[in-house]
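Morning, everyone. I have one structure to go through today, so let me put it on the screen.

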Amino acid sequence: MTGRAVYFDLETGGVEPHHPDIQLAAIAVDCDTWAEVEAFESKIQFDESKADPKALEMNHYSAADWSAAPTLVEVVSKFTRFIDRHKSFEMISQRTGWPYQVARLVGHNAATFDGPRLKAMFQRHGRFLPADMRVRDTCQRALWYFDERPALPSPENYRLATLCRYFGIPVEDTHEALADVRLTIALARALSQEVK
């Protein structure tokens with residue numbers, strides 16, 4: 001990959017579609033150097049009664065920490081401005097035939113969970129998400145990685161923390177959006193290295 005990629009993570013108050021989104025974080029990365037270009041992190045105001053208490057506990061939720069959280073509408077606007085600064089992937093408009101730029105998204109388990117939820121978040125507010133929705137997914141990349149290297153022992157599972165530990169990446173805190181983004185970047189970098 002060349003240009004920039006936006007690694008992201010969306011924390012939620014449960015896994016069902018009706019559960020609220022509670023935190024969004026992202027880091028724009030230079031794909032050639034792995035350098036962090038800019039970070040974004042925001043808690044999101046939500047109705048606690050609509051969340052699964054177990055999910056909130058797992059995500060280190062406290063009412064005090066979320067007391068000054070912006071609304072979902074504000075987060076969508078702020079994230080749009082962030083992602084606009086990191087568009088590096090060219091697409092062609094089916095309607096006009098003209099090229100336009102979008103951001104390239106990367107996440108862990110994001111092709112099936114975070115990506116669709118992020119897209120739905122923008123759709124609920126009538127906003128265009130300026131990103132390629134063919135989300136690059138480090139979980140899928142890990143599956144391919146081990147399929148391509150049958151002599152390697154497989155990890156116990158393909159969760160972010162498990163894979164990071166497998167590759168010797170220190171894991172301190174998971175289910176904190178910005179920390180998970182940094183782990184995802186470290187995992188993507190490890191998966192890009194050839195086994196000696």
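Of the contacts in the protein chain between residues at least 6 apart in sequence, 62% join residues at least 24 apart. Contact here means heavy atoms within 4.5 Å.

Before going on, two notes on the source. This is a predicted model, where local features need pLDDT of at least 70, side-chain atom pairs count only at pLDDT 80 or more, and totals for chains, interfaces and linings use all residues. Residues are numbered from 1 along each chain as its sequence is written, and side-chain values use heavy atoms, with hydrogens and water left out.

The protein chain has seven helices and six strands. Helices are DSSP runs of H or I with at least four residues, strands are runs of E with at least two, and both are numbered from the N terminus. The order from the N terminus is β-β-β-α-α-α-β-β-α-β-α-α-α.

Next, burial. Buried residues make up 46% of the 196 residues in the protein chain; buried means under 20% relative accessible area, exposed over 50%, and partly exposed in between, with a 1.4 Å probe and protein chains only.

Now helix α3, residues 72–84. Helix α3 has 13 residues and reaches 18 Å from first C-alpha to last, close to the 18 Å expected at 1.5 Å a residue. That expected span is 1.5 Å times one less than the number of residues. Which residues of α3 are buried? They are L72, V75, V76, S77, F79, T80, F82 and I83. These buried residues pack against β1 (4–12), β2 (21–30), β3 (36–43), β5 (99–107), α4 (110–124) and β6 (131–137).
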